[in-house]
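Colleague: I am new to this structure and would like to learn how to read it. Could we go through it feature by feature?

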Amino acid sequence: MSMKKYLITLCLIISMTFYGHLLYAQNISYQDSVQHRLDSLENVVKALSSSVQKTQKKEKDHSVWSRKRFTAIGYATQTLTPAYGNELKSDFGVALTSGRAVYLHKKPLFGKLKFAFNWGSDISYTKYKNYKEEYNYSAADEMEIKDYGLHQCDIGILVGPSITFNPVGHLMISGHFRFVPSYSMLILNDDINSNYASFFTYGGEISWKAIGIGVEGRQGSAKYSSLMSEGDDIKMKYTTHSLRAYISLHF
């Protein structure tokens with residue numbers, strides 16, 4: 001082979017080698033560019049997904065925890081026990097409570113739990129079983145006593161802590177303890193005996209969205225004019241125990 005042909009062949013080999021390396025470099029650069037764009041797109045999708053999840057969680061938390069006001073109406077069984085004498089049992093009783101929960105922290109603990117302070121009103125009415133039968137009045141006594149029966153009415157303010165657990169969805173499980181300072185009245189025929197009374201209520205509730213059911217205990221005491229006395233000069237301590245089953249609305 002002549003020198004001229006040798007040089008031409010060598011130049012062709014060098015050119016093809018260079019061109020091949022150039023194509024390889026361009027291919028690598030193109031792949032890197034595509035991968036970079038894919039990574040950027042994936043990051044954008046992740047960011048959007050995270051933003052959507054945060055928005056959805058925020059909306060869910062607002063929906064679950066936004067119902068701070070409550071109203072409950074319930075049926076109550078109750079006893080009234082004097083310091084000396086037999087206890088009286090209720091014929092029937094009703095209770096109405098309403099109020100508001102003030103949460104002590106904005107975000108639920110562990111995403112599930114919140115503590116709150118409750119305040120509102122508590123009203124109860126009870127009619128007791130035949131008073132004359134319980135105390136065995138004589139015929140002479142019966143002539144003087146009208147058969148209106150014995151009634152108790154308590155009007156109070158409720159304050160106290162509560163704890164609420166949200167295990168799943170809109171299901172709420174809560175417990176509470178409340179102090180209920182009240183104006184209490186015992187009404188027997190034409191006589192109304194009234195005084196301040198300190199009551200305490202404690203109970204639990206299960207609710208789904210706006211509807212709930214619960215059970216609550218209640219106890220307290222006050223001094224009233226003795227139901228066995230003819231005047232108001234004798235004061236006697238009476239203790240009240242109640243059990244309430246109620247339906248509640250949350251809004």
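Colleague: How many bridges join β1 to β8, and in which sense do the two strands run?

Modeller: Keep in mind that this is a predicted model. As a general idea, strands of a sheet pair through backbone hydrogen bonds, either parallel or antiparallel. Here β1 and β8 run antiparallel and are joined by 13 bridges. One place to look is Thr71, which stands opposite Leu249 in β8.

Colleague: In what order do the eight strands close into a barrel?

Modeller: The order is β1-β2-β3-β4-β5-β6-β7-β8, with antiparallel pairing. Ignoring direction, neighbouring strands of this sheet are turned by 20 degrees against each other on average.

Colleague: Which residue is the bridge partner of Thr97 in β3?

Modeller: That partner is Asp122. The pairing of β2 with β3, residues 113–128, is antiparallel and has 13 bridges. Going on from β3 to β4, you find 15 bridges, again in an antiparallel pair. There Thr126 has Gln152 in β4 as its bridge partner.

Colleague: What does Leu80 touch, leaving out residues up to four places away in sequence?

Modeller: Its contacts include Leu88, Tyr128, Leu150 and Tyr238. Among the others are Asn86, Gln152, Leu186 and Thr240.

Colleague: How many aromatic pairs does the count come to?

Modeller: Five. To read such a pair, look at the distance between ring centres and then at the angle between the planes. The ring centres of Trp65 and Tyr103 are 5.7 Å apart and the planes stand at 90 degrees, so this pair is edge-to-face. Trp65 belongs to helix α1 and Tyr103 to strand β2, so the pair links distant parts of the chain, 38 residues apart.

Colleague: Are Trp65 and Tyr103 buried or exposed?

Modeller: Trp65 is buried, at 4% relative accessible area. Tyr103 also counts as buried, at 17% relative accessibility. Over the face of Tyr103 lies Lys114, at 4.5 Å from the ring centre.

Colleague: Why is the pair of Phe179 and Phe200 called tilted?

Modeller: The planes of the two rings are at 40 degrees, and the centres are 5.3 Å apart, so the pair is tilted. Phe179 lies in strand β5 and Phe200 in strand β6, so parts 21 residues apart in sequence are tied together. Phe179 is partly exposed, with a relative accessible area of 28%, and Phe200 counts as partly exposed at 34%. Together with Phe177, these two form one aromatic cluster.

Colleague: Where does the charged end of Arg218 sit?

Modeller: The charged end of Arg218 sits over the ring of Phe199, 3.9 Å from the ring centre.

Note on methods:
Residues numbered from 1 in each chain as written. Predicted model: local features only at pLDDT ≥ 70, side-chain atom pairs only at ≥ 80, totals over all residues. Heavy atoms only, no water. Contact = heavy atoms within 4.5 Å. Phe/Tyr/Trp six-rings, centres within 6.5 Å; stacked < 30°, edge-to-face > 60°. Helix = DSSP H or I, 4+ residues; strand = E, 2+ residues; numbered from the N terminus. Buried < 20%, exposed > 50% of the residue type's maximum accessible area, 1.4 Å probe, protein only. Lys NZ or Arg CZ within 6 Å of the ring centre and 35° of its normal. Pairing = 2+ DSSP bridges. Axes fitted to C-alpha atoms, helices over the stretch in contact; angles between N-to-C directions.
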